[in-house]
Amino acid sequence: MHKGVKIALDPSPVQIVLLRKHAGTARFVYNHLLAYIQEEYDKGNKVSTNFYQLRKHWNSVKAEAAPWWNECSKEAASYGCESLSRAFANFFEGRKSGREVGYPRFKSKNRCRPAFAYTTGSFGAIEDDPYGLKFPKIGRIHTFENVHHRLKGAKVTRMTITEEGGRWYASLTAEADFFKLAKETRQKVGVDLGVRQLAVLSDGTVYENPKHLARSERKLKREQKSLSRKQRGSNRYDRQRRKVNRLHARIRHQREDRIHKMTTDMTEKYDEIVIEDLYVKGMVRNHRLAKAISDAGFGKLRQQLEYKCAQRGKKLTVIKRFEPTSKKCSHCGHVKTKLALSERTYICEACGMVMDRDLNAAINILAAGSASEAENGRGEDVRPSLSADLCEASTRQSLELSLATGHEN
C-alpha cells in the first residue's frame, strides 16, 4: 500500500521565492501547452494529450518559449505537463461516463493554488537530518515535524509541494508496509451522519458538530468586507486576500482535525462500521442547509473511514442511499410516509415506540448493513429483526441521549 504523509515546511524568505518560482514554472508550462493544443484544434489538427507527448513537445520548444527554463528543476515543468494531461483525461472520461467535468481552463496566478512535484532524482528525506527535506535546485528546507518518525523508514516515491493559506507543505507518497492492524473488538456499529450532531452511533455514542465555519463566520465576513473595499491588483488588496485565505485554511484545518480524531476513534473501537451512501450533491441543493452540510464534511469523513479501515484491518459497509432509515421504526419495522426535518423525536404510529430520531436511524443503518447475512427460503434478502434486549437498550440510550441534548421524548 501507499501512504500519504503531509509535512509542514519552514522555508527561509529566499527559499519561498524559489518555491514560488517552481510553482510558477509548472503553471506557465500548463498554460503554454493548453494554448498550443487549442491552437492546433482550431486549425483542425489532431494533438495527443498524453503526458509523454506533451513533455516531448515542451522539451522541443522550451529554449524559445522559456529561456529561463534551467533556473528551476525539470520536475516543475513535468508537473505542468502531468496536470494538463490529467485534466484532459478527466474531461474525456467524463464525457463518456456522463460526469460533469469541464474542459481544462487556463490557470491564473492569483486564483490557482501554487503546486509542483518531484517524481525522479534525489529528493525527500535526508538520512542524518530528521527535520529536513531535500529539494533539487532549492536545497535543504527545514520542517516543523520529524520526517523520519512520520515515514518510519518507508521509501518516498513522490513529493508534492503546495501552498495553502500562506504556509508551504510537502506531501510525501511512501510505499508503506508499516501499517499495524488494530486490536480486534468484535463490535459492530451503525453511523447516522447529520448537521445537528455530526454523527450518532447505534450504541448511543454522539459526536457533536463543532460548526467551525459558523463560529468563524463573523470574522470571515469582516475580512471579506475589508477585501471588497480594496482596489483589485493593489498591494493592500493582495495582503488582505492572503489574510482571507489564511482564515479559510484555518477553518478547513479545524474541520479536518475534528474528522481525523472522530474517524480514528471509531476505527479503534469497532471492527465493522456501517454508513449510508449519502447523495451530498443533491443535499446541498437545499439552500437553507447547504452551508451547514458543506461545513460538516461528509465526503471527507467517508474518505477517511475508507482508508483507515483498510489500514487497520476493519470492515466498512455502505448501504444504499434510498434505504428508509429515518422513516422506519427500529422496533417493529413500520415505515412512515412522511417525516419532517423538524421532528427530532421518532414516535412510531404502530407500536408506540419513542426514540431519538438520529439514534433510531443509526440502529436501522446497522440492521441494513447486516441484511445480506440473512436470506429467506426464496433467496431474497431479509432485514434481521432486532432482539428485545437490543430494543430495550436502544430505548434506554435514546432516553439518556434526549436528556443530554435537552429534547423530550
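The exercises below, each with a worked solution, concern a predicted model of one protein chain.

**Exercise 1.** Find how many helices and strands the chain has, and what share of its residues is buried.

Solution. Begin with the secondary structure, where the chain shows 11 helices and 14 strands. Then consider the contacts between residues at least 6 apart in sequence, of which 65% join residues at least 24 apart. Finally, the accessible surface of the chain comes to about 23700 Å², and 48% of that surface belongs to carbon and sulfur atoms.

**Exercise 2.** Describe how helices H1 and H2 pack, and decide whether they are roughly parallel or roughly perpendicular to each other.

Solution. First locate the two elements, helix H1 at residues 13-42 and helix H2 at residues 51-65, whose axes lie 11 Å apart and form an angle of about 105°. Angles from 65 to 115 degrees count as roughly perpendicular, and H1 and H2 are therefore roughly perpendicular to each other. Next look at the residues that make the contact: H1 contributes Phe 28, Val 29, His 32, Leu 33, Tyr 36 and Ile 37, while H2 contributes Leu 54, His 57, Trp 58, Val 61 and Ala 65. Sorted by class, this contact of H1 with H2 has nine nonpolar and two polar residues, with no charged residues.

**Exercise 3.** Work out the strand order of the open sheet of seven strands, and identify its edge strands.

Solution. Reading across the sheet, the order is E2-E6-E7-E1-E5-E4-E3, and the pairing is antiparallel. The edges are formed by strand E2 (115-118) and strand E3 (124-126), each of which pairs on one side only. On average, neighbouring strands of this sheet are turned by 40° against each other, with direction ignored.

**Exercise 4.** Determine where Lys 152 and Lys 211 are placed, and how exposed each residue is.

Solution. Start with the backbone: Lys 152 has a positive phi of about 55° although it is not a glycine, and Lys 211 likewise has a positive phi of about 55°. Lys 152 sits in the loop between helix H4 (147-151) and E6, and with a relative accessible area of 52% Lys 152 is exposed. Lys 211 belongs to the loop between strand E10 (206-208) and helix H5 (212-228), and its relative accessible area of 38% makes Lys 211 partly exposed.

Definitions and conventions. Residues are numbered from 1 along each chain as its sequence is written. This is a predicted model: local features need pLDDT of at least 70, side-chain atom pairs count only at pLDDT 80 or more; totals for chains, interfaces and linings use all residues. Side-chain values use heavy atoms; hydrogens and water are left out. Axes are lines fitted to C-alpha atoms, for helices over the stretch in contact, and angles run from 0 to 180 degrees between N-to-C directions. Helices (H or I, at least four residues) and strands (E, at least two) are DSSP runs, numbered from the N terminus. Angles under 35 degrees count as roughly parallel, over 145 as roughly antiparallel, 65 to 115 as roughly perpendicular and the rest as oblique. Contact means heavy atoms within 4.5 Å. Ala, Val, Leu, Ile, Met, Phe, Trp, Tyr, Cys and Pro count as nonpolar, Asp, Glu, Lys and Arg as charged, and the others, Gly among them, as polar. Two strands pair if DSSP finds at least two bridges between them. Buried means under 20% relative accessible area, exposed over 50%, partly exposed in between (1.4 Å probe, protein chains only). Accessible areas come from the Shrake-Rupley method with a 1.4 Å probe; for residues, only the protein chains shown count as cover.
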